[in-house]
Amino acid sequence: VEYDEEQDRYIAYLNDSRLPNLRINKEYAEMVRDRAVPKRDREFLRTNLNNAQWLIDAVEQRRRTLQRVLNAVVDHQREFFDYGPQAIRPLPMTQVAEQLGIHVATVSRAVADKHVMTPRGVVPLRRFFTGGTETETGEEISWDAIKAALQEIVNAEDKASPLSDDALVDRLKERGIEIARRTVAKYRAQLGIQSARLRRQF
């Protein structure tokens with residue numbers, strides 16, 4: 001994903017220049033039509049050439065699907081590319097599936113084990129698909145954005161007097177993010193952040 005200054009938008013493209021170009025062998029394709037070739041051999045070739053064409057079409061279909069999913073992600077997650085992880089927005093796979101007119105399982109398969117090189121570093125494509133909640137102002141915010149905000153607050157805290165989970169709840173609330181203390185504790189654990197008592201540095 002790269003930023004295009006002229007158009008003021010992010011452009012997504014697949015880095016498949018190193019992939020081999022799949023094509024049907026002309027010699028075999030001609031043999032299928034050649035009456036001098038025994039019928040049994042022609043039928044064998046026709047069956048296998050049909051299988052080969054199916055494979056080529058399937059690879060191209062997967063490529064097109066991945067590009068369409070990537071375009072949808074880039075359009076939806078503009079703020080992430082501009083400002084970083086704390087600006088990622090909720091994006092359920094079902095939403096993209098409906099938008100593109102494909103099954104949600106197709107979206108899931110397309111993004112599995114794929115990574116995107118962005119101006120914000122290399123990111124697993126699946127990371128852009130996340131649930132979320134609403135802030136006090138009615139803005140949608142993703143769980144990943146809340147975790148990024150939590151990490152930011154902990155990084156900036158006074159290490160001699162680290163913030164308790166209740167204090168973290170209050171700091172998040174100041175940013176318009178209202179979540180329960182137990183949710184803060186859960187996210188803190190997921191981020192590998194110790195409790196305030198264990199974070200204290202003397």
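Which residues make a nonpolar surface patch of about 420 Å²? I looked, and the answer is L22, W54, L55 and V59. Patch members have over 30% relative accessible area and no salt bridge, and nonpolar side chains (Val, Leu, Ile, Met, Phe, Trp, Tyr) are joined within 5 Å. A salt bridge would be a side-chain nitrogen of Lys or Arg within 4 Å of a carboxyl oxygen of Asp or Glu. Areas come from the Shrake-Rupley method with a 1.4 Å probe.

A note on what I'm reading: this is a predicted model, where local features need pLDDT of at least 70, side-chain atom pairs count only at pLDDT 80 or more, and totals for chains, interfaces and linings use all residues. Residues are numbered from 1 along each chain as its sequence is written, and side-chain values use heavy atoms, with hydrogens and water left out.

Next, helix α2. I find V59 in α2, residues 39-76 (helices are DSSP runs of H or I, at least four residues, numbered from the N terminus). V59 is partly exposed, at 42% relative accessibility (buried is under 20%, exposed over 50%, partly exposed in between). L66 also sits in α2, but at 13% L66 counts as buried. Leaving out residues up to four places away in sequence, I see L66 touching L14, A110, K114 and L125 (contact means heavy atoms within 4.5 Å). Its C-alpha is 9.6 Å from that of Y13, 53 residues apart along the chain.

Last, α7, residues 165-174. I list D165, L168, V169 and L172 as its buried residues. After α7 comes G176, with a positive phi near 85°.

Notes
Buried means under 20% relative accessible area, exposed over 50%, partly exposed in between (1.4 Å probe, protein chains only). Helices (H or I, at least four residues) and strands (E, at least two) are DSSP runs, numbered from the N terminus. Patches are made of residues with over 30% relative accessible area and no salt bridge: like charges are joined within 9 Å, nonpolar side chains (Val, Leu, Ile, Met, Phe, Trp, Tyr) within 5 Å.
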